[in-house]
Amino acid sequence: MSPPEQRGAMTSVRPSVAPVLLRYGATALVAFALFGLILAISGKDPIASYRDILASTLGSTYGLSEVIVTMTPLLLTALAVAIPSRVGLINVGGEGQLIMGACLSTWAALTFAGLPAWLLLPIMALLGMIGGAAWAWIPGQLRARGLVNETISTLLLNPVAALIASFLIFGYWHSPMDTNKTAVFSESARLPRLLDTRIDLGLIMGLALLALFWYIMRSTRWGLEMRALGGNPVAARLNGLPARRYTIVALCLGGAVAGLAGMAMVSGYYGALLANFSRGVGFLGFLVCWLAGGSALGIVVTSFVVSIILAGGNLLQLTRDVPYSTINILLAITLFAVLARPDFTRLRSAR
Amino acid sequence: MSDLALLGILSTALFSGTSLLYAALGELVGQRAGIVNLGLEGVLLVSAATGFSVTALSGNPYLGILAAAIAGALMNTVHGYLVISRKANQLASGLALMFFGFGLSAWIGADYVGARIVGLPRLDLPGLAGLPEVYASLVRFDILIWLVVPVAILVWWLLYRTRWGLGVRAVGESPDTVYASGRSAQSIRYQALWLGGLLAGVGGAHLAIAYAMNWSENMTAGRGFIAIALVIFAKWDPLRAIAGALLFSAAVAFQLLLQSSGFQVSPFLLSTMPYLLTLLVLAIWGGRRRAAAPASLGRVYQGTE
C-alpha cells in the first residue's frame, strides 16, 4: 500500500508559483460554488453565508484568533504524518496517537493537580509525547520486522485508542457532574494563553517543531539519511543506513508529535478530556500534510486555509442554523477539487 | 440464563453483524480491483441517512434500501473519479470522502433526527408455526439478514467463477496485464466500485432502517473501520468474510452475555477486540500475508501513454 508514486508526491519539488496560485484559486471557486448550491437547496442564502464566514474569520481580530486556535493541533498532526513520510512510511494513525497522548497527559493533570505549572506542564507534555510515541511504536516494530504494513496497523489502532479513552473517561475519570468528560483541569495544568486570546502556547510549540523539522531535513545528516531512505530504500540500505532503526524512530517521532497535539488540545483548548474530543483532527492532519507535499511551510499555509473553513462552520451553525458537520461538505469538496488536479504535484515531479 | 435470553442475545448479534458483512463485502470488491476506500465510514453514513429519510418520506422501507444502495454507489463514484480518472492518492481521497460523508449525512438527515419509520418488515420462517410466539419472534428476521450469506456467496461466485470477476481480480493484481489483454482497467475498476458501493449502501440501509430504526449523526460509530479490518482479516475472500462477520457477531453476543450475567467488563474494552484480533492475526500470518493482498492495491494506475 505504499507505492513509490505516493512517496514521490509527498516530497515533490514545488513548481513555479503563479500557475499554482491560479489553479488553487479556480479550485477554491469550484468548491465554494458547489457548497453554495447545497446551501441554496436548503434554503439558506449562500452569498450571505460566505460573507458571514469571511467576516467572522478574517474580518476581526477575534475571528482570526479563532482560526489560529483551530489551526494549532492541525500543525502538529500534519507534522506527525510528514516525519514518517520522509522515510517512505505512511502514518494514518495520527488520530490514535493524539488520543493516547491526551490520555497520558490527562492522567498527569488529574494526579498531580497540586504541582506548580512550570513543573506540571513539562510533565504533561512529556507524557503526551510518550503516549503518542508508544502508540506509534507498535506499528513501527511490526513494520521493521516485516510483519504488518504500517498503513494498516496505524489505521487499526485509531479506534482502539478512542475506545481506551472512552473506557478511562466513563469508567474512572469523569467528573461528578458529567459522565462523558473529566473535571476541568487545575489552573496549573492549563497551557498559558497568548495576548489575551484563546490562542495558547501549543501554537508556538507547533511552529517551533515545524521549523526544527525543516532545519533537520535540510541541513543535517539525519535529514539526508531519511530522505535517502525515502527516495531509494534499496540504495540507502546498500550504503549501510540502518533502515529498521529509522523506521521505528521516524514513526515514534511522528507519534510523539501527534501525542503532543493531544496534550495541547486537552491542556490548552478544552482544559479537560472529553469523549470523542478529537473530531478527526488526526485524519485531517494526514490530508493537510498530503496536500502540502510534506513541506513545513506548506503545512502552515494549508492548515490555515483548512482552519478558516472549520472556524467558519461554527459560525454557520450559530447564525444560519446549519448543522456543524455540514461544514465538512465544504472542507471535503475543497479537498476533492485539489485531489482532482494532482498535476501540480505528482506529474510535474515525475517528469 | 434462560434459553429465551440466550436466543435474544444471538438474535441481536446477528442483527448487528449483518450491516457489517454487507459493508465488508462492498469494500472487498473494491479492494480486489486494487482500490482502497478509507471513506467507507462516510459511504455508510450517507447511505444510512438517505435510506432512513427516503423510508420516512415514502413509508416504504424497500424504497429506502434502493435509495441507500444508489447513494452508496454514487459515493463510490466520487472516490472512483478521483482515484481512477484523476489519479489521486487513494488514502487521501478516501479520508476526504469520509469527511464528505460526515457532512453530507448530517445535512441529509438533519430534518429526520427523531423521526419514526416503519422498520423493515420481518419475515416468518415457514415451519415455525408450532413454536411459541416469544421464540418465533426472535428468529423472525428481515429479508436483508436472510440474504446476507447468499449475497456473500454470490460475490464469491462473481469474483471467482465469472469472466467479470476474473477481470476484477486481474486488475487488482496487474492493471498493465489487463490493458495488454485488450480490456480497460479503468472501466473494470469503476464497475467494481459501483458494485461495492451498492453493497455498502445496503449495509448502511440495514443499520438505519432495520437495526437502529432511527437516524443520528455519526450513528455508524466506526463500523466502516471494523469492516475494513474485516476485509483484511478475511484475506480478501468473501467466504472468509462470512466467518469473520460471524466472529464479530459472536463477540457482540459474548459482550451482551457477560453484561446480562452480571460480569463487569467494560463494553469499550470488549469493542477493541475486532481491531486487536485483526492486528494479531496479521502479525502472526506475517510475511505470508502480503501474498494474499491484491498486488496493485492502493497504487495509482498511470495508464500507458
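Chain B has 14 helices and zero strands in its secondary structure, where helices (H or I, at least four residues) and strands (E, at least two) are DSSP runs numbered from the N terminus. Along the sequence, that reads α-α-α-α-α-α-α-α-α-α-α-α-α-α. Keep in mind that this is a predicted model: local features need pLDDT of at least 70, side-chain atom pairs count only at pLDDT 80 or more, and totals for chains, interfaces and linings use all residues. Residues are numbered from 1 along each chain as its sequence is written, while chains are lettered from A and ligands numbered from 1 in the order in which they are written.

| Property of chain B | Value |
|---|---|
| C-alpha span along the principal axes | about 65 × 45 × 40 Å |
| Radius of gyration, over C-alpha atoms | 20 Å |
| Buried residues | 54% of the 305 residues |
| Contacts with a separation of 6 or more that join residues 24 or more positions apart | 79% |

Buried here means 20 or more other C-beta atoms within 10 Å of a residue's own, exposed means 12 or fewer, and partly exposed is in between, with C-beta atoms placed from the backbone. Two residues are in contact if their C-beta atoms, placed the same way, lie within 7 Å.

Now zoom in on B:T77, which sits in helix α3 (residues 61-85) of chain B. B:T77 is partly exposed because it has 15 other C-beta atoms within 10 Å. Setting aside neighbours within four places in sequence, B:T77 touches B:L193 and B:W194. B:L123 is 46 residues from B:T77 along the chain, and their C-alpha atoms are 33 Å apart.

Over in chain A, there are two domains, with bounds from an automatic or database assignment: domain 1 (16-44 + 325-351) and domain 2 (61-321). Their C-alpha centres lie 26 Å apart. Eight residues of domain 1 of chain A meet ten residues of domain 2 of chain A. On the domain 1 side, those residues are five nonpolar, two polar and one charged. Ala, Val, Leu, Ile, Met, Phe, Trp, Tyr, Cys and Pro count as nonpolar, Asp, Glu, Lys and Arg as charged, and the others, Gly among them, as polar.

Key:
The radius of gyration is taken over C-alpha atoms; the globule rule is 2.2 Å times the number of residues to the power 0.38.
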